[in-house]
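Please keep the viewer open while you read.

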Amino acid sequence: METNSKVTASHLKRTAYLYVRQSTVRQVFENTESTKRQYALRQKAIALSWPQERIEVIDTDLGQSGASAVDREGFQKLVAEVGLGRAGIVMGLEVSRLARNSTDWHRLIEICALTDTLILDEDGIYDPTEFNDRLLLGLKGTMSEAEIHLLRARLHGGLINKARRGELRSRLPVGLLYNAGGQVVLEPDKQVQESIHLLFRTFFRTGTAHRTAKHFRDNGLMFPRRVFSGPDKDKVIWGPLGVRQVLLVLHNPRYAGAYTFGRGQWAREMDGRKKRELLPPDQWQVLIPDAHPGYISWQQYEEIQQRLRQNAIAYGIDRRHGPPREGPALLQGRVVCGICGNRMSVRYHRRGEHLAPKYLCNRNYMQHGGPHCQKIPGASIDAAVGKLLLEAMTPMAVEVALAVQQEIQARLDEADRLRLQQVERARYEAECARRRYMHVDPANRLVADSLEADWNEKLHRLAEAQDNYERGRQADRKVLDETQRQKTFSLPQDLPVIWNDPNTPQRERKRIVGLMIEDVTLIKQEEITAHVRFRGGATTTLRLPLPLNAWQGRKTSDHVLAQIDDLLKHHTDAQVAALLNERGLKTGAGDQFSSESLRWIRYATGFKSYKERLREAGMLTTQEIAAQLGICESTVKLWHRKGLLQGCKCNDKGDWLYHSPQKNPPIQKFKDRQSLSQPGVYEIAGTTAGGVV
Ligand SMILES: [Zn+2]
């Protein structure tokens, strides 16, 4: 035989490789015929007198697309074996399918030629070392690639044309369906519709996907999801709503009733892998707004995209226009630098137990590494803006209160309705299960048993749903009764109280600020100027003194200072500190008082020390009184001990001050009595003390 002549003893000594491939998992399941044909090639190898044990099948690539060799372990193994000269022959159904792209294919032929390896397909045997065969193989590869290209182009062209007319069917998200006439309609299931409406409403209210998901979670609400494959295909199942799913719904233009095609683009990466990228709407291949009924308008869809983009930016460097978040800075995201015009960011500093905000223009620093443009402590600005808001809000307070109350009620009703629908669905399913059970022939035990079990389970679910409903209602009633109702009704009068209540979360204050104020422009000069721009265009300018610096921020409070001033009239620093600590008072930084902190406070406030006060009152030092009396210092101390001189300790070092002789009655009396008759010696209560006049 002619083909056999190509097979030599040298080939037969080596292994025969059978490469089996189906590109998709679906082909693996459905295209068994082709798989059978591929395995049949094995018989051919045996016919060509390859021993059975030296025929190796490589089928690890089943279910891998042939578009690139990167992910195809089997193909790489094949190339390696051929390259090492271990292969005598390579077999495959339509050999060009060995490699789907031409580069891989030509490389394989080249290697086969180098290692003298034969190639076999259903048409025959090729010897790549022979020019004619190599040409044929090359052509086969090229044809195969061209075929695929044409096929794809034709298919794609057809698709695009259909898509341009809006007729190409695509997978619809849950909540939308094709009716019998092929038109897109809203899902008839009211619960599904309501849930999707609620998702959009919640997003419009809260502004973030996270809080939308949280609202569902907090209220124990489920969200529908369509099953796209498997035995439950096209069924709607219910489950908890995650942030990812919220985003998928929000980004899907079909909910806005728009028909789209080609929203993404496949980009090939360096290693041959493909990656899908989403394109902006103006680059979509097809966009037909109002093509079918939807849940929101196209305009709302665009608003949502805008909002989501802003939120994304809010997590970036400058966090501009971010949704309110935790952290005390009231004007976070709304402060503009009055010098360069950029948004200012917020930094926090710890001040005792509190976080003190600081507004910072760091654009220059972030982008160019230059110095910060402005740094402004925020506490006083926040306070001033808060005050301004309270003043501005009073006339509107009633309206705000009513709106808030209505919104809370509406939200609770909405949640209640949805939970009730869950109960009704469970009841309906239980009823169906009951009917199925009733209709079955009781003699058919097997079926009856399984239907009974089904009914039981449905009843169990119904009980659960009812429980859940009752629990939710109770919780809602509690929320409304105890806290919200009181707060809401007293809101008109108590708004300032609520605003100033330490239990009010700062996030809520920020939301109020966000509703009222567009932005605040800050300039720091000799004073701080804050231009407040309200939503709606009104502006106000606030002028604030430069805030206290960090040290002043830790200043001891005024009433404590007054007490210190008072105590210093009669006590040394250490004594004052001890007395203050006894009274349970604390320094500005929250510490116990000590003689050091007292010295520091005196320095800062300019309070005179006990000694200075005594000196001002005319008291004399030991040296001074010794000089006046013409006695030595030790005599002064002695006289003091004997009660002749009155004085006191004036500081913690143990220095003494004495009343001047004129104010010292004992020494006056004594001096009068002696009349200085005997200079140098005074007799004091039987003791002689020496002194020179
Ligand atoms: Zn600036």
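Contact here means heavy atoms within 4.5 Å. With neighbours within four places in sequence left aside, alanine 45 is in contact with Trp50, Ile55 and Met91. This is a predicted model, in which local features need pLDDT of at least 70 and side-chain atom pairs count only at pLDDT 80 or more, while totals for chains, interfaces and linings use all residues. Residues are numbered from 1 along each chain as its sequence is written, and side-chain values use heavy atoms, leaving out hydrogens and water.

**The chain as a whole**

The chain has 23 helices and 25 strands; helices (H or I, at least four residues) and strands (E, at least two) are DSSP runs, numbered from the N terminus. Of its 693 residues, 40% are buried, where buried means under 20% relative accessible area, exposed over 50% and partly exposed in between (1.4 Å probe, protein chains only). Among contacts with a separation of 6 or more, 58% are between residues 24 or more positions apart. The chain exposes about 39,200 Å², and carbon and sulfur atoms supply 53% of that area. Accessible areas come from the Shrake-Rupley method with a 1.4 Å probe; for residues, only the protein chains shown count as cover.

**Two packed positions**

Back to alanine 45: this residue sits in helix H3 (residues 32-47) and is buried, with a relative accessible area of 0%. Its C-alpha is 7.6 Å from that of isoleucine 55, a residue 10 positions away in sequence. Serine 345, in strand S15 (residues 345-351), counts as buried at 12% relative accessibility. Beyond its neighbours within four places in sequence, serine 345 is in contact with Lys358, Tyr359, Leu360 and Asn362.

**Aromatic rings**

A pair of aromatic rings is described by the distance of the centres and the angle of the planes. Rings of Phe, Tyr and Trp (its six-membered ring) pair if their centres lie within 6.5 Å; planes under 30 degrees apart count as stacked, over 60 as edge-to-face and the rest as tilted.

| Pair | Centre distance | Plane angle | Type |
|---|---|---|---|
| Phe200 and Tyr255 | 5.9 Å | 65° | edge-to-face |
| Trp298 and Tyr301 | 4.8 Å | 20° | stacked |

Which parts of the chain does the pair of phenylalanine 200 and tyrosine 255 link? Phenylalanine 200 is in helix H7 (residues 190-206), and tyrosine 255 is in the loop between helix H9 (243-251) and strand S10 (259-261), 55 residues apart. Phenylalanine 200 is buried at 3% relative accessible area, and tyrosine 255 is buried at 1%. Ring pairs also join Phe200, Tyr255 and Tyr295 into a cluster.

Tryptophan 298 and tyrosine 301 are 3 residues apart in helix H10 (residues 298-314), so about one helical turn separates them. Tryptophan 298 is buried at 16% relative accessible area, and tyrosine 301 counts as buried at 3%.

Charges meet rings as well: arginine 169 lies over the face of tyrosine 178, 4.2 Å from the ring centre, and arginine 263 lies over the face of tryptophan 284, 5.7 Å from the ring centre. A charge sits over a ring if NZ of Lys or CZ of Arg is within 6 Å of the ring centre and within 35 degrees of the ring normal.

**On the surface**

Phenylalanine 131, in helix H6 (residues 131-164), counts as exposed at 56% relative accessibility.
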